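Visitor: I'm new here and would like to learn how to read this model. Could you walk me through it?

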Amino acid sequence: MRDAPKFPYAFIDKIIVSQEEIDQRVCELGETITRDYANSENLLLLGLLRGSVMFITDLMRKIHRPMTMDFMSVSSYAGSESSGFVRIDSDHKTNIHGWDVILVDDIVDSGFTVHTVRKLLLDRKPNSIKVCALLDKPDRHKVDIHIDYLGFSIPDYFVVGYGLDIDEKGRNLPYIASVDLEKFKQIYKK
Ligand code: 5GP
Ligand code: MG
Ligand code: MG
């Protein structure tokens, strides 16, 4: 009898951040945000679809004060390498004028996405805007970017899981894992 596969996807290389580490860090971030926004009148967590969904739904459970949630969908042109051109595919619904906004993304790579969206949101006159990201790849930054609430800094791997995908696969993994890109190409003939 063959052993059950170690991971549900054959292209997974190894676990980079475990489920327990994520739980622990999300809890800490929620507590910090709860404290930092103790005097805020209107707090909005604004997530970038679709990668931030698992993160934002876990994070909001750890925020022990009134808040609302909204989403935007954006994409950067030119395949897997970020190009610096960020397109808004679907905008948020909330009028953020006067609100305290936390922009939530799954991972900061070049930094163009968060940098561009943050600038766009500033034009809409929120009371404040901060950035929260589950993961950061500091070696890859191409723009100067400040992350106010960060889960984990990771080396330059392509990772999936906990909402992050490769060609829409891997989002359901409860941990962050690196992808064996050669194997992925073999399996999906990409
Ligand atoms: P940036 O604009 O910072 O270069 O790219 C940010 C976006 O690229 C992320 O929100 C994410 O969608 C995608 N991305 C960057 N690195 C990775 C990665 O290692 N894994 C996955 N699944 N997506 C990534
Ligand atoms: Mg993204
Ligand atoms: Mg993706």
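Guide: Let's start with burial: a residue is buried if 20 or more other C-beta atoms lie within 10 Å of its own, exposed if 12 or fewer, and partly exposed in between, with the C-beta atoms placed from the backbone. Tyr162 has 27 C-beta neighbours inside 10 Å, so Tyr162 counts as buried. This is a predicted model, where local features need pLDDT of at least 70, side-chain atom pairs count only at pLDDT 80 or more, and totals for chains, interfaces and linings use all residues. Residues are numbered from 1 along each chain as its sequence is written, while chains are lettered from A and ligands numbered from 1 in the order in which they are written.

Visitor: Where does Tyr162 lie?

Guide: First, the names: helices (H or I, at least four residues) and strands (E, at least two) are DSSP runs, numbered from the N terminus. Tyr162 lies in the loop between E8 and E9. Its phi is positive, near 50°, and Tyr162 is not a glycine.

Visitor: And Lys125, is that buried or exposed?

Guide: Exposed, because Lys125 has 11 C-beta neighbours inside 10 Å. Lys125 is in the loop between H3 and E6, and here too phi is positive, about 55°, in a residue that is not a glycine.

Visitor: In what order do the strands of the open sheet come?

Guide: Two strands pair if DSSP finds at least two bridges between them. Here 6 strands form an open sheet, in the order E4-E3-E2-E5-E6-E7, with mixed pairing. E4 (86-90) and E7 (149-153) are at the edges with a single partner strand each, so one side of each has no neighbour in the sheet. From one strand to the next, the twist averages 30°.

Visitor: How many bridges link E2 and E5?

Guide: There are 5, and E2 (residues 43-49) pairs with E5 (residues 100-108) in the parallel sense. Look for Leu45, which stands opposite Ile102 in E5.

Visitor: Which strands does helix H2 lie across?

Guide: Contact means that two residues have C-beta atoms, placed from the backbone, within 7 Å. Axes are lines fitted to C-alpha atoms, for helices over the stretch in contact, and angles run from 0 to 180 degrees between N-to-C directions. H2 (residues 53-61) lies across E2, E3, E5 and E6, at about 160° to E2. H3 (residues 112-122) lies across E2, E3, E4, E5 and E6, at about 165° to E5.

Visitor: Which peptide bond is cis?

Guide: The one from Leu49 to Arg50, with omega near -5°. Arg50 sits in the loop between E2 and H2.
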